[in-house]
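Hi everyone, thanks for coming. I'd like to walk you through one chain today, so please have the viewer open and stop me whenever you like.

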Amino acid sequence: MTIDPVKLDKLAQVAIKVGLQLAEGQDLVMTAPMSAAPLVRRITEHAYQAGAGLVTTIYSDEEATLARYKHANSASFDKAAGWLYSGMAEAFRNNAARLAISGDNPMMLAGQDPDKVTRAMRANSAAYKPALQLITGFDINWNIVSYPTTAWAKLVFPNDSEEDAVTKLADAIFKASRVDQEDPIAAWAEHNANLKKRWTWLNDKSFASLHYTGPGTDLTVGLADGHRWKGGASEAKNGITCNPNIPTEEVFTTPHKLRVDGYVAGTKPLSHNGALIEEMQARFEGGKLVEFKAAKNGDLFNTVLDTDEGGRRLGEVALVPHSSPISASGILFFNTLYDENASCHIAQGQCYSDCFVGGKGLSQEQISAQGGNTSNIHIDWMIGSDKINIDGVHADGTTEPVMRGGEWAN
Ligand code: ZN
Ligand code: ZN
């Protein structure tokens with residue numbers, strides 16, 4: 001056995017009790033790669049023990065996905081299972097909780113026709129949007145956890161045997177998810193309290209913008225009017241407090257879609273749909289990413305940015321200290337859930353409507369008027385390191401340090 005069954009069971013318990021705080025009688029819609037079935041089964045047990053109404057799992061299969069790329073006709077790549085996402089949206093409107101298990105081979109689509117990959121992704125994002133908006137808008141409690149699949153583990157630890165790679169990735173996941181601790185639920189309560197201290201400070205300061213300086217970086221990120229910082233546990237509109245990302249180390253808010261200026265260098269490679277985009281460099285003007293270059297796969301990322309009107313504008317700005325446990329592990333996970341929590345980051349595309357004061361009651365029009373961006377994409381990319389300084393800029397132009405050398409300044 002390469003995956004510790006006790007820790008796997010604790011991870012399932014954390015997903016239900018901390019991640020979702022699944023309520024008595026609540027239904028659960030779960031998605032997972034087929035190879036994550038051992039975790040799906042543990043989670044399903046804990047869900048029913050917690051009083052779940054009905055647990056429904058939708059599995060994906062890498063080989064079936066690849067069969068489409070190999071054999072499907074061209075028209076297939078403009079299709080998406082809209083009927084499935086409509087059903088998911090209906091479930092969420094009826095208060096079903098949402099759990100995603102990440103663990104797909106990040107390089108699954110490497111080597112496939114980029115045009116087909118982009119078209120399939122676009123069709124899928126558009127079809128998924130109604131369901132995604134209920135998730136990002138926190139209508140319901142939701143959570144993502146991950147499972148160490150063999151393909152993913154071999155990518156992260158290419159020099160190890162399959163068995164050793166899976167063991168190492170499993171241990172890294174368990175540690176980052178705090179299930180290596182005696183009482184993971186208590187550990188999460190403490191972690192949430194620490195994150196709360198940080199976002200409370202940022203909310204009290206109510207900065208107009210953040211100014212980043214570092215190698216290849218001199219960037220001002222204006223914050224949306226009435227923005228609100230969040231991190232860790234979050235209360236959904238259905239009244240349930242969930243921990244959407246397991247693990248999480250970030251505090252984050254909504255930038256102003258028209259007030260981002262300057263240039264910024266990526267500090268870690270970005271794994272996107274089977275491609276690794278390396279040494280990213282971007283220039284922003286009036287909120288728009290007007291110039292993008294990368295040492296590798298820059299063209300591909302430019303295409304992704306042109307997905308729609310909002311693709312070149314920011315939807316998220318997040319602060320993570322360089323000393324965070326995931327950063328300290330030194331592992332490149334090729335998985336945003338992990339890599340974004342190793343570093344300060346920004347995201348192209350859709351904003352979180354809940355990152356506004358009174359966000360739960362704001363209409364899409366109000367959010368937009370306050371500077372919130374809309375897009376079918378949400379792609380985080382890493383701009384933090386031990387060489388980055390960040391100042392908070394007040395509306396009157398005065399500044400105070402937020403981070404120095406990648407660590408909290410106070
Ligand atoms: Zn983030
Ligand atoms: Zn994000």
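Domain 1 and domain 2 bury about 2200 Å² between them, and 64% of that area is on carbon and sulfur atoms. Keep in mind as we go that this is a predicted model, so every value I quote is computed from predicted coordinates.

What about charge pairing across that boundary, how many salt bridges are there between domain 1 and domain 2? The count is zero. Polar contacts do turn up: four residue pairs, with both partners at pLDDT 80 or more, connect domain 1 and domain 2 in that way.

Now look at the face of domain 1 that touches domain 2. The elements giving two or more residues to that face are helix H5 (114-136), strand S4 (142-146), helix H6 (150-156) and helix H7 (162-176). H5 makes the largest contribution, with eight residues. Sorted by class, this side of domain 1 holds 18 nonpolar residues, six polar ones and two charged ones.

In the contact, 26 residues come from domain 1 and 22 residues from domain 2.

Let's zoom out to the chain. You'll find 12 helices and 20 strands in it. Its radius of gyration is 20 Å, close to the 22 Å that the globule rule gives for 410 residues, so the chain is as compact as a globular protein of that length. In terms of extent, the C-alpha trace spans about 55 × 50 × 45 Å along its principal axes.

Back to salt bridges for a moment. The total count is 17, and one pair I'd like you to click on is Arg119 with Asp78, whose closest N and O atoms are 3.0 Å apart.

Ile246 and Pro247 are joined by a cis peptide bond, with omega at about 5°. Pro247 is in the loop between strand S8 (241-242) and strand S9 (251-253).

And which loop holds Asn95? Go to the one between H4 and strand S3 (97-102). Asn95 has a positive phi of about 75°, although it is not a glycine.

That's my tour, so over to you for questions!

Technical notes. Residues numbered from 1 in each chain as written. Chains lettered and ligands numbered in written order. Predicted model: local features only at pLDDT ≥ 70, side-chain atom pairs only at ≥ 80, totals over all residues. Heavy atoms only, no water. Contact = heavy atoms within 4.5 Å. Buried area = accessible area lost by both parts, 1.4 Å probe. Salt bridge = Lys/Arg side-chain N within 4 Å of Asp/Glu carboxyl O. Polar contact = N/O pair within 3.5 Å; in protein donor to acceptor, adjacent residues only side chain to side chain. Helix = DSSP H or I, 4+ residues; strand = E, 2+ residues; numbered from the N terminus. Nonpolar A, V, L, I, M, F, W, Y, C, P; charged D, E, K, R; others polar. Rg over C-alpha atoms; globule rule 2.2 N^0.38 Å.
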